[in-house]
Amino acid sequence: MSVMAAPEGKLTGLVAATFTPLTPQGEIKLSEIGPYINYLTEKQGVNNIFVNGTTGESMSLSVEERKSLAEEWCQKAKGKMDHVIVHVGCMSLKDSQELACHAAHIKADGIAVIAPSFFKPNTEALRKFLQEVAKFAPNIPFYYYHIPAVTGVNVPVRDLLEDIEQLIPSFSGVKFSGTDLLDFGQYVSHSHPHWSVLYGVDEQLLAALALGAEGAVGSTYNYMGCHVSKLISAFDEGDLVQARTIQFKMQELLSYAIKLGFDLGVNKQLMNELSGLRLGPPRLPLMTCPPSLILSLAQKYHSLFPEC
């Protein structure tokens, strides 16, 4: 997924799905965003971010909190990051539209929208929902965020995107966070050259690269970005042995973590441990976990991945 071949302005390469910094009392902590961005660019070599998404606990945040966070991410990333994509999806159409309008106002580099998941839409309803959100930010790139394991919305991406630009002229691609590689392959084979093909299941990245992924969005790229960059470079150079070696190490870490009860809260605490940042605890209903578990995960990480 060489950035060299991408049209100017197209989102490719590694994208960190950022955690939301919180105080120990569970309030948003804007002061940590600047150091967080410096860590990503200087330590991990990551120059694109996807904010207020699943990793950012967006569904546990208020609309006003999401606005404050989006403003701070965009302001602090200016001149340092290539792209700041703001996720604006909500259960409420009105809230999504308000956040989309706000993201355009603060000059985000794009917006993304997840499928609403309480009242689960069919293909036609989902297309209409996305269209009605996109209308409120018509002049910036629009991305559909596909994550059926979380939303329970299993509309095939290939079906969703039929003549999508007639509905959403600003449509720019999909953050495909699903494990159905048949559907992903169908998306790739029918995508337009100016669309971004972004894959979001970190432990299956190499398979997605083989199918044509041009970018990768994930939570582990916050602390494994420099290593995943090596995986991508190895793939681009035809060194599948090296690419597999790194992918298998990622899988070993995540498999180990899952056995210990890995979830978003654990992942956030692991980020705190590995980065030295103070991103705080997750917000309820996510729970903190024992420090001994995080220490065990950090030790496993260091045993698998030397310093970049």
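Q: In which loop is K107 found?
A: In this predicted model, K107 has a positive phi of about 65° although it is not a glycine. Most residues other than glycine have a negative phi. The place of K107 in the chain is the loop between α3 and β4 (110–114).

Q: Is K107 buried or exposed?
A: A residue counts as exposed when its relative accessible area is over 50%. For K107 the relative accessible area is 68%, and therefore K107 is exposed.

Q: Is E57 buried or exposed?
A: E57 lies in the loop between β2 and α2, and its phi is near 60°, a positive value in a residue other than glycine. Buried means under 20% relative accessible area. With a relative accessible area of 5%, E57 is therefore buried.

Q: What span does helix α2 reach from its first C-alpha to its last?
A: Helix α2 covers residues 63–77, which makes 15 residues. At 1.5 Å a residue, a span of 21 Å is expected. The helix comes close to this, reaching 21 Å.

Q: Which residue just after α2 takes a positive phi?
A: Helix α2 spans residues 63–77. Just after the helix, a positive phi of about 80° is taken by G79.

Q: Which elements give two or more residues to the lining of the largest cavity?
A: The count comes to one cavity of 30 Å³ or more, and about 40 Å³ of space lies in the largest cavity. Its lining consists of N52, R66, K67, A70, V86, H87, V88, L99, H102 and A103. The elements that give two or more of the lining residues are α2, β3 and α3.

Q: How many residues in the lining of the largest cavity are charged?
A: Lys and Arg count as charged, and the lining includes R66 and K67. The lining also has five nonpolar and three polar residues. The charged residues number two.

Q: Which element gives the most to the lining of the largest pocket?
A: The largest pocket has a volume of about 690 Å³ and is lined by 28 residues, with I147, G200, V201, E203 and S219 nearest its centre. Two or more residues come from each of α5 (148–151), β8 (215–218), α11 (240–259) and α12 (264–275). The most, three residues, come from α5.

Q: What separates the C-alpha atoms of D263 and M287?
A: D263 is found in the loop between α11 and α12, and it is partly exposed, with a relative accessible area of 32%. D263 and M287 are 24 residues apart along the chain. Their C-alpha atoms are separated by 9.3 Å.

Q: Which residues does a cis peptide bond join?
A: Most peptide bonds are trans. P285, in the loop between α12 and α13 (291–304), takes part in a cis bond with an omega of about 20°. The residues joined are L284 and P285.

Q: What pLDDT does the protein average?
A: A score of at least 70 is given to 97% of the residues. The average pLDDT of the protein is 96.

How values were computed
Residues numbered from 1 in each chain as written. Predicted model: local features only at pLDDT ≥ 70, side-chain atom pairs only at ≥ 80, totals over all residues. Heavy atoms only, no water. Helix = DSSP H or I, 4+ residues; strand = E, 2+ residues; numbered from the N terminus. Expected span 1.5 Å × (residues − 1). pLDDT = per-residue confidence, 0-100. 1 Å grid on protein atoms, 1.4 Å probe; cavity = no way out; pocket = protein on both sides within 12 Å on 5 of 7 lines; lining within 4 Å. Points joined across faces, edges and corners; volume = space filled by probe spheres on them. Buried < 20%, exposed > 50% of the residue type's maximum accessible area, 1.4 Å probe, protein only.
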